[in-house]
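Dear colleague,

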Amino acid sequence: MTKASMSHILILNGPNLNLLGVREPHIYGHTTLAQIEAQCREAGQRLGLEVDFRQSNSEGQLVDWIHEARTTMAGIVINPAAYSFTSIAILDALKASQLPIVEVHISNIHRREEMYHKSYVSLAATGVICGLGPLGYEAALLFLAKHLAK
Ligand code: CA2
């Protein structure tokens, strides 16, 4: 890994998160994904991290990006959205990456219906943040900055 990639963080967002701030604000709030990206870029600058922020509605695309991250990134922040509860493919890709991984959910998944309680992705995550709203992404970056500086 080069010196540049040692501070490079991939932030992945799963299906429907492109609708943030537009639909269902009572659950997910009024902040759009573009605003969360801007907050992550700002936090990254403060913390000395380069942030690569992406969203896809496709499971295969997310798996491909995780594979790519194995050799180019120092850590992953992932909000897998609905794939959290269904995707063994994403779980396996994350495990294979051998990178520090923070799973983020904007809402508190444990206060929601039972189908949202068991995330496969958590089995590969270094840590899990949920219910802090968009601030969860910044908290994840803060953790990774400290973890990578060790
Ligand atoms: O709270 C989160 O960040 C979630 O990962 C969001 C997922 C949900 O399946 C997880 O349980 C928790 C859903 C993202 C869908 O986002 C929408 C945004 C606006 C309108 C409709 C869906």
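**Aromatic pairs and ligand site**

Two aromatic pairs (ring centres of Phe, Tyr or the six-membered ring of Trp within 6.5 Å) turn up in a search of the whole structure. In one of them, Phe 53 and Tyr 137 are tilted, with 6.3 Å centre to centre and 35° between the planes; planes under 30 degrees apart count as stacked, over 60 as edge-to-face and the rest as tilted. This pair joins distant parts of the chain, 84 residues apart: Phe 53 belongs to strand β2 (residues 50-55) and Tyr 137 to helix α5 (residues 135-149).

The model is predicted, with pLDDT of at least 70 needed for local features and 80 or more for side-chain atom pairs, while totals for chains, interfaces and linings use all residues. Residues are numbered from 1 along each chain, and side-chain values use heavy atoms, without hydrogens and water.

Of the 18 residues around the ligand (a heavy atom within 4 Å), Asn 79, His 105, Ile 106, Ser 107 and Tyr 116 come nearest. A polar side-chain atom of Ser 107 is 2.6 Å from a ligand oxygen atom, and one of His 105 lies 2.9 Å from a ligand oxygen atom. The protein covers 94% of the 500 Å² of accessible area (Shrake-Rupley method, 1.4 Å probe) that the ligand has on its own.

Yours sincerely

Note on methods. Polar contact = N/O pair within 3.5 Å; in protein donor to acceptor, adjacent residues only side chain to side chain. Helix = DSSP H or I, 4+ residues; strand = E, 2+ residues; numbered from the N terminus.
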